[in-house]
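Have the structure open while you read.

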Amino acid sequence: MSRVLTILVAMFTIVFLMAGGMASAYLVGGLVEEHWFSGASRLTNILFLVLVFVMVIATLLTMAERKWSAFIQDRMGPNRARIALPGLKNRSLGGLPHILTDVLKMLTKEDLIPGTANRFMFNLGPILAFAPTFALFAVVPAGPSVMVFGHNVDMVVATPDFGILYVLAIASLAVYGTALAGWASNNKFALLGGVRATSQMISYEVALGLSLVGLFLTFSSVQFPAIIGDVGSMLGNGSGQAQYLWRTDGAFDLGLPAWGIIIQPLGFLLFFAASFAETKRAPFDLPEGESEIIGYFVEYSGMKFGLFMISEFVEVVVLAGVTTALFFGGYHLPFGNEWLANLPVMQEHGWLLGTILGTVFWLKVLFLIWVQLLIRWTFPRFRYDQIQSLGWKILLPIGLVNVFATGALVLWDPSLRALAILGLAEIGLLVVLTTTTKVPAGGAHEAHGAHGHDHGHGGHGAHDLPAHAHGAAPASTH
């Protein structure tokens, strides 16, 4: 019971802190708009959205992943670090002191550079790996545009006309950091890791871009604000993902929203898989597969290694944010948006509406982060040929089919209802495929006999291995 209470208190604290952060962002944005110049709130958004929300969440993820991995592997997580203060020196504080110790270790550890390395390129590698990932969140709206102190406040850093194309362009720059890190070290093992990482990232960039074409066709735009959409009034439907495909009549709007996950479920799966492969995290962590090859940043130490490590967690947060904006309605609620926005108190205090919807956005981001951690500690590492086959032979053809099907259905039914029916059918098929248990050939009796035979030899039989491990590689590959 105490553990359940602890979890509930932690969840309430997280929601409270997020709501407080969003309220501060809107109020500070309104103040600078009033006292400085129009558009000044976007400068403060850099502080709140990028430096506070993204960076703090990424920092806490270094601990959250270790705690989650310990939970899923049924072992004790990090709990040894203590703060030598009265009343705290005997408390683990949920492992949070480990974050402080990790930061101090990175900052104070000796910075070594190989004597034969290219010093300029060696120092440039971590910067090119971290900076593009950090800049990706600049175009993701984390809340609606509302009136605060008589001035319009946008909860986004920038809204360029090219929108999502900015994400694809900046994300591709991370390849240079990976390649330079492996090459500039003048280490053959680091070079092999860099080549493997570069090949993987370039392969999945093709499927990544193609997975979003169906979404562009659906909403006729590449801009985040247009895809997320605006809430409509009581008399009219909204736009983008704020609109309803089917809805009830009445003061409280209830219906099926036009979220990307509903009208483009195939696009979501392609985008999420390709983006996950871009982050180079398990099961796509081939560039750092210690059992096969040494990582591309093996020669880095100190804070340079820390930049590579923290950029991985920033990528997790950015991927969750971009996925939320494109496929999960952004900051919109699944229903009740119009009712909430038209309440007198929300009309009078715009920052309150922004706080509620902004908190909804970050809760969706946290959910997708949890999904990534779940995948990270559930599936074993793929073989390199499997990763390349997935990108070129599976994701790419499916992406082309999705583009053709989306274009045809949008032309046939611009209301997007036909596309939604197809999307719901795809979701249903996916649920059936993932929940159906495959019966071994020969029936349960034969499987039971094989089970007993393996134990009769006193060892772990094939039934103890993961499903994909049976005959995973031909003899010639070993």
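**Notes on rings and cores**

1. Searching the whole structure turns up 24 aromatic pairs. Keep in mind that this is a predicted model.

2. Start with Tyr296 and Phe308, an edge-to-face pair with 5.9 Å from centre to centre and 80 degrees between the planes. Tyr296 sits in the loop between helix H10 (265-278) and H11, while Phe308 belongs to helix H11, so this pair ties together parts that are 12 residues apart in sequence. Tyr296 and Phe308 are both buried.

3. Phe308 has another partner, Phe297: the ring centres are 5.0 Å apart and the planes are at 10 degrees, so this pair counts as stacked. Phe297 also comes from the loop between H10 and H11, so its pairing with Phe308 in helix H11 ties together parts 11 residues apart in sequence. Phe297 is buried, too.

4. Elsewhere, ring pairs link up a cluster whose members include Tyr204, Phe268, Phe284 and Phe382. For a ring with a charge, look at Trp377: the charged end of Arg376 sits over it, 4.1 Å from the ring centre.

5. Now the cores. The largest nonpolar core has 90 residues, and Phe224, Leu326 and Trp362 have the most contacts inside it. Helix H11 (residues 302-327) gives this core its largest share, 12 residues. A second, separate core has 10 residues, among them Ala117, Phe122, Tyr300 and Phe308.

6. What does Trp362 touch? Leaving aside residues up to four places away in sequence, its contacts include Met18, Leu49, Phe53 and Phe137.

7. Lastly, Phe367 is found in helix H14 (residues 350-376). Phe367 is partly exposed, at 46% relative accessible area.

How values were computed:
Residues numbered from 1 in each chain as written. Predicted model: local features only at pLDDT ≥ 70, side-chain atom pairs only at ≥ 80, totals over all residues. Heavy atoms only, no water. Helix = DSSP H or I, 4+ residues; strand = E, 2+ residues; numbered from the N terminus. Buried < 20%, exposed > 50% of the residue type's maximum accessible area, 1.4 Å probe, protein only. Core = buried A, V, L, I, M, F, W, Y, C linked by side-chain atoms within 4.5 Å. Contact = heavy atoms within 4.5 Å. Phe/Tyr/Trp six-rings, centres within 6.5 Å; stacked < 30°, edge-to-face > 60°. Lys NZ or Arg CZ within 6 Å of the ring centre and 35° of its normal.
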